[in-house]
Amino acid sequence: MGVVCALLALLAALLTGCQNSTDGATTDGDSRLSNEVAPTRPSGYGAAFLSVDECSSFGKTSFTEVSCTSERAAARVVARFDGAVGDGPLCPGTTDFVLHISEQSPSSDEDGDGAVPQGYACMRNLTPPHPGDPGGGGGPRTIVGDCVYSSGDGQVRETPCDGKSGKKPEYEVTKATATRAKCPVSTALYVQLQGEKPVGCARPV
């Protein structure tokens, strides 16, 4: 599940949000699992490995690029960036998970352009569930409409707003602002978000 760090408004403190980011090929999302991305594919799927609008399959230990019309296709690339996640642009808010792609040598690059650079692909499942949707309980980012519960020591974790995950939601992020002063007076929890409006104003549910 997406992890954020926060403190109750009464404590008047805001911790830094947490996001997995490791070397190699991993996924960021509601599951926070690490899986190797295998940058091997038949030629013809595109000039770059897992570029925008291309699809991947799901595997127990790997994600492979496949045709979006394939029965194996499970998720579509909605944004693709070179470099490390921490150094690049944010994925769209409703991204379900992130694939971290390791740099590959020319011998592994089947389209013959010389290399597969380090990068990351922002992925959206082709079919529900969509943990990155508002209230979905996961995804690499916390956004307006998401719900959280207290996990102790001033930290909170995302959980589906429908309460079907076994963790009852305690707060819902109702607004994103540039500063705490712009949150509604009903705000009971400040959650650190990402982007131009980094303060999430949350109320009890």
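A disulfide here is a pair of cysteine sulfur atoms within 2.5 Å. The structure is a predicted model, in which local features need pLDDT of at least 70, side-chain atom pairs count only at pLDDT 80 or more, and totals for chains, interfaces and linings use all residues. Residues are numbered from 1 along each chain as its sequence is written, and side-chain values use heavy atoms, with hydrogens and water left out.

Searching the whole structure turns up four disulfides. Counted along the chain, the bonded cysteines pair up as 1-2, 3-4, 5-6, 7-8. One of these links runs from Cys55 to Cys68, with the sulfurs 2.0 Å apart. The torsion about its S-S bond is about 100°, so this disulfide is right-handed. Cys55 sits in strand 4 (residues 55-57) and Cys68 in the loop between strand 6 (65-66) and strand 7, so the bond ties together parts 13 residues apart in sequence. Strands here are DSSP runs of E, at least two residues long, numbered from the N terminus. As for accessibility, buried means under 20% relative accessible area, exposed means over 50%, and partly exposed is in between (1.4 Å probe, protein chains only). On that scale Cys55 is buried at 0%, while Cys68 is partly exposed at 27%.

Next along comes the bond between Cys91 and Cys122, with an S to S distance of 1.9 Å. This link is left-handed, with -75° about the S-S bond. Cys91 lies in the loop between strand 7 and strand 8 and Cys122 in strand 9, so the pair ties together parts that are 31 residues apart in sequence. Both of these cysteines, Cys91 and Cys122, are buried.

Cys147 and Cys161 form another disulfide, at 2.0 Å from S to S, and with 105° about the S-S bond it is right-handed. Cys147 belongs to strand 10 (residues 147-152) and Cys161 to the loop between strand 11 (155-159) and strand 12 (171-177), so parts 14 residues apart in sequence get tied together. Cys147 is buried, with a relative accessible area of 3%, whereas Cys161 is partly exposed at 29%.

Then there are the charged pairs. A salt bridge is a side-chain nitrogen of Lys or Arg within 4 Å of a carboxyl oxygen of Asp or Glu, and by this rule there are four. Arg124 and Asp96 meet in one of them, at 3.9 Å from N to O. That pair links distant parts of the chain, with Arg124 in strand 9 and Asp96, 28 residues away, in the loop between strand 7 and strand 8. Asp96 is buried at 1% relative accessibility, but Arg124 is partly exposed at 23%. Asp133 also bridges to Arg124, at 2.7 Å from N to O. Through shared partners, Asp96, Arg124 and Asp133 end up in one network. Elsewhere, Arg80 pairs with Asp82 at 3.8 Å, N to O. Arg80 counts as buried, at 17% relative accessibility, and Asp82 as exposed, at 54%.

That leaves the nonpolar cores, each a set of buried Ala, Val, Leu, Ile, Met, Phe, Trp, Tyr and Cys residues joined through side-chain atoms within 4.5 Å. The largest one has eleven residues, including Phe49, Phe63, Phe97, Leu99 and Met123. Strand 7 (73-82), strand 8 (97-101) and strand 9 (119-125) each supply at least two of its residues, with the largest share, three residues, coming from strand 8. Apart from this core lies another, of eight residues, among them Val173, Leu189, Val191 and Ala202.

Notes: Helices (H or I, at least four residues) and strands (E, at least two) are DSSP runs, numbered from the N terminus.
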